[in-house]
Amino acid sequence: MPDHPPAENDADAPVGIGAETPVGERAGFRLAAFGAVLIVVLFAGYGLGRLNNSTASASAPPAPTSSGAAMPGMVMDESQPHAHNSDGTVSQAAVTTPMGAAVGGLSLSSGGLTLVPETTTFTAGKAQRLAFRVKGAGGAPVTTYATVHDKPLHLVVVRRDLTGFQHLHPTMASDGTWGIDLTLAEPGSYRMIADFTAIVGGQQIATTLGGDLTVAGNYAPQALPAPARTDNADGFAVSYEGTPNTQATQPLLMQVTGPGGAAARLDPYLGAFGHLVVMREGDLAYVHVHPEPLLVDGRVKFWLTAPSSGSYRMFFDFQVAGQVHTASWTLKID
Ligand SMILES: [Cu+2]
């Protein structure tokens, strides 16, 4: 792959979703290329507990313990809060800039890799095999992936009106073909977004590729629900505090209450107490963030920088008693 990521991502590269320092030598390259003055702080990791004071944390990311970009070849600690970026980076630092955060999933190709679905047409309400490959620069399918959050590849499928969200984990055949049974309930145009870290020539390429799937029929698009801070997910009341903006990384605290009114006992799911996917209305730009490793007063704490003004749908996956549930909210950024 080229040393330099595609221009599409470069525009947003040095900004953070929750935590975002490009890993490896590209970091230095990109920062130098921009000539941007950035304050890069690495999260304090397990020391974050001392920042739980809400006044201290409301406007500031966790205290720095060191500065500068990650060392080349550094392996991410997936237990720490971080973002999976669209441009071949996974990052763990908070970067505050006047720009919004990087987004992914908008293109079939990025970082020298191309998403190649076998079939993109589905029948409404019928389970059908979704198969695809990820091809490298020479056209050969990638067959080696790093396990990130317990899985080598995370697949998000959502209709263009942001309904019908699914977070799936396909399996890969030895020839590099990924497959999973997929049911798309209603007609319309859908987006498939593959989030993974490919290993190509010994180098890790973390990226997010997206493509369209279509279901023929009478498409009745739904308007985005009004912005709200509570949702009911399979009987769990799920609310959040925090107000993301494009200027700085802000905390988001998710609270899950069980049907009886008591705080639900959350299980770790895929290596974290929750997963947050944020998608923009209008282009389905994708952001994926992971929380701090420990609960904060029983809540799941993320750090998020909004990519831009606009309307977003946030999808929060959590697990209780072995069952995964998804809460979702509409978020409007001015
Ligand atoms: Cu996943």
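Phenylalanine 196 is buried, with 26 other C-beta atoms within 10 Å, where a residue counts as buried if 20 or more other C-beta atoms, placed from the backbone, lie within 10 Å of its own. The model is predicted, and local features need pLDDT of at least 70, side-chain atom pairs count only at pLDDT 80 or more, and totals for chains, interfaces and linings use all residues. Residues are numbered from 1 along each chain as its sequence is written.

Phenylalanine 196 belongs to strand 15, which spans residues 188-200; strands are DSSP runs of E with at least two residues, numbered from the N terminus. Ten of the 13 residues of strand 15 are buried, and the strand is thus mostly covered. Leaving aside residues up to four places away in sequence, phenylalanine 196 touches Tyr145, Pro152, Leu153 and His154, contact being defined by C-beta atoms, placed from the backbone, within 7 Å. The C-alpha atoms of phenylalanine 196 and threonine 147 are separated by 8.3 Å, although the two residues are 49 residues apart along the chain.

Strands are taken to pair if DSSP finds at least two bridges between them. Strand 15 runs antiparallel to strand 10 (residues 145-146), to which two bridges join it, and alanine 146 has threonine 197 as its bridge partner in strand 15. Seven bridges link strand 15 with the antiparallel strand 11 (residues 153-159), where valine 158 stands opposite arginine 191. Strand 16 (residues 203-215) is joined to strand 15 by 13 bridges, again in antiparallel orientation, and methionine 192 stands opposite glycine 211.

Note on methods: Helices (H or I, at least four residues) and strands (E, at least two) are DSSP runs, numbered from the N terminus. A residue is buried if 20 or more other C-beta atoms lie within 10 Å of its own, exposed if 12 or fewer, and partly exposed in between; C-beta atoms are placed from the backbone. Two residues are in contact if their C-beta atoms, placed from the backbone, lie within 7 Å.
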